[in-house]
Amino acid sequence: MMNRNQSKQWWSAAALLAVCLLSLLNTAAVAFSSNTNYNNVASLSTSKLHAATTEINKLTQVTENIIVEEAELNQQVDANLTILFAARISSGGDDDDSPPCEGLLLQKNNDESNIHHYQAHITCHHDDGDVDHFLAVFHKLLIQYLFIEHDLYQDQLRNDDGTTTMLSISLDNNEDAATASGLHVQLGHIGFSFPTNDEEPTYTNDGIQMDLSKYEPFLNSFIIRHRGTEQGNASLILHKMLCERRVSYQFSNDDDDQMEQSQSSGRRRNVVSHHPSVLSPSVIDEVHSILDVVKSRQWLSTNPDSVDGLPSLHLNLITNGKPLFDIDEEEEGVNLEELSTFPQCIKSLVKVLRPHLYENLLPAARKVLNSPTVEISDVFIRSYGVQPGHQEDDTVDDDDIESKTRFGLSPHFDVTAYATCVMALDAVASSGKQGLYTIPPTNGFHTSSAVLKKFFPLKKGDGVVHTFDILHGVDVDPRLDQPRTSLIIWFTDSSESSVGEKEDVSSSVNQPWLLRPSEDDDIGQFVLALASERTVEEDGSHLKLKSAVDPLQLYISSAAQGNVFAMTALGQMCDDGVVPDDQCDVIRDFLLALDSENPYVPNDELEASGRCKCEALANPLWYHAAIQGGHRVAQVSLADNLMLQYMTEDNMSVKEKESMILKATILLTQALHQGYNSLDMLHRIRDVECSRLNDAGVEIPSDAFFQSAVIQVLLLSMS
């Protein structure tokens, strides 16, 4: 067995047979994703529903390969209805047997020229596995709908005409009302809602008649549970397409009402406030004329960003409340011909923007945040996408372009600012499909999944103010032919963290708003712990915050409430061996309380023997965060530990090892779908699997090679 230091580099011991197969795999990936062996369906019958007995929450592996036959029909039934696509569970070649489940994707023609209505209609009958069979068919229909939605989005990259799509979902009733109700109830638990015949479908604001916030964690478990099957691979394709959707956030109109209700409770939390037309077109034009000089001389900073380490592409204007360079108030306005130095550009930008920020935005922010002591701390400009001139310049090296390009920012909470305003300096975000996004909490539960991200629709000059506890990131489609530029304003608040309550530490730390989160404030606890570990100030003031709190206890308290961000951080601390073993019972108990079927929680026998160490709790923490919260870092961390175990443990059966490497491949593929660059790790798994197959006597390439479940998932990850 390898020691831990050696095994952490598990990929280095893998054979490199697959390197020469990379082009072969890339070629096969395209065929795999578009050419599956399905039989054509000439017509589909409709019938009634039968008993539903599947226990949808079990995470044991499903070995049944549910074969779904599918066909593109494009048959017009009448002037108002077209059958686009059909799918059904294979009945094993007996035409006399009705398929266990079948479905149609319909296009419903209507008078609304800018809204295209679709319907997924599904019928299940005489079947003992209704939920799994229902989902195998539904996933095929949903994938086809998402293809249509994606094609429309690609058209809108060139010409956005405001057209949208909507999908309703219907399930045939059954003569046995109790049985039908059982399936409806089970599907209702995972986000489905079926209106009666006289009810209109209820759509969420993403245009699909289901609650994706409920369905996404179930989909994650479905993919793991059905790993190595056709329906598992189809679900992985669905996961990728859901992550690639671009759904607009809907601003609320009740900000003023909420602010009035919170007057007695001090500064506000969970604020998302839209501020239209903060900057006029003429001001923005003046800003861009200066920015053109800055960009032409490559003065945007390429230092690594604190969130993800990629080039920051930012331009600091004001830091800690002070302009980067002293401003001479007697100087006249901007003269572009005189902008020959970096300080001149910075001072000119500050002079143009300062009146609008301090006279208009700051009072508005103080009102919506319900605190008169809010101040502007930092102001800077950020740019995303390929910068002007790089698209056409053949002399610019690709590596140089990459070092000066970013298309996004990973989802995160702010740790240094109480609130932030992001202001659009162009129209890239006006459609609500580019730029700044959030992943809203659902019923108080925060998730990190890209499936649920919503983009803020910001017209040129608009701003959105959000507090530190709003999860947010940036995503700009690389296919856009223009960069996205925004003005960022950070706000701080030096007032006491609670009305009528004072502590010496509040006046000595730079983030008093983070102090004393309530017992049920899992986000506040997590951000405070994160800030105490990661914030570094030049004057050493961060040490006061570090000495004022215990990050481990904050992470444990937050994770015990189901916070997947705290679980991911706590899992890393457990894996690093820095969590005392006397916390093992506490962590194990809350993991079981959250999910008694978590397969990685140490069993009672191990606990009773005294051999349960906190290091053994890293995997169950990451598993919960990866499945229930879709946390990409947890997915990668768990996959890495699974591969470590694969390479170091000798007492596993062949089947166990195959299952382990397959789960790791799936987790890394899901992280890749969400924007985490896990390709290097996937390539290493490719090498390991090719070595395993080669040792087993499998010819590479061959039919047996491509029948490997791991190879099939790798092909999907490359498509």
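**Close-up views of a predicted model**

L167 is buried, with a relative accessible area of 0%. The model shown in these views is predicted.

**View A. L167 sits in strand β5.**
The relative accessible area of L167 is 0%, so this residue falls under the 20% cut-off for buried. Across from L167 stands Y118. Q107 is 60 residues away from L167 in sequence. In space, the C-alpha atoms of L167 and Q107 are 9.2 Å apart.

**View B. Strands β4 and β5 run parallel.**
Strand β4 covers residues 115-124. Eight bridges join β4 to β5. Y118 and L167, the latter in β5, stand opposite each other.

**View C. Five strands form an open sheet.**
The strand order is β1-β2-β3-β4-β5. Pairing in this sheet is mixed. β1 (68-78) and β5 (164-171) stand at the edges. Each of these two has a single partner strand, so one side of each is left without a neighbour in the sheet. From one strand to the next, the twist averages 20°.

**View D. A cis peptide bond joins I700 and P701.**
Omega at this bond is about -5°. P701 lies in a loop. The loop runs between α20 (679-695) and α21 (703-706). Most peptide bonds are trans.

**View E. S277 has a positive phi.**
The value is about 50°, although S277 is not a glycine. Most residues other than glycine have a negative phi. S277 is found in the loop between β7 (272-275) and α8 (281-296). Is S277 buried or exposed? Its relative accessibility is 56%, so S277 counts as exposed. The cut-off for exposed is over 50%.

Which loop holds N370? N370 lies between α9 (342-369) and β10 (374-384). At 12% relative accessibility, N370 counts as buried, whereas S277 counts as exposed.

Key:
Residues numbered from 1 in each chain as written. Predicted model: local features only at pLDDT ≥ 70, side-chain atom pairs only at ≥ 80, totals over all residues. Heavy atoms only, no water. Pairing = 2+ DSSP bridges. Helix = DSSP H or I, 4+ residues; strand = E, 2+ residues; numbered from the N terminus. Axes fitted to C-alpha atoms, helices over the stretch in contact; angles between N-to-C directions. Buried < 20%, exposed > 50% of the residue type's maximum accessible area, 1.4 Å probe, protein only.
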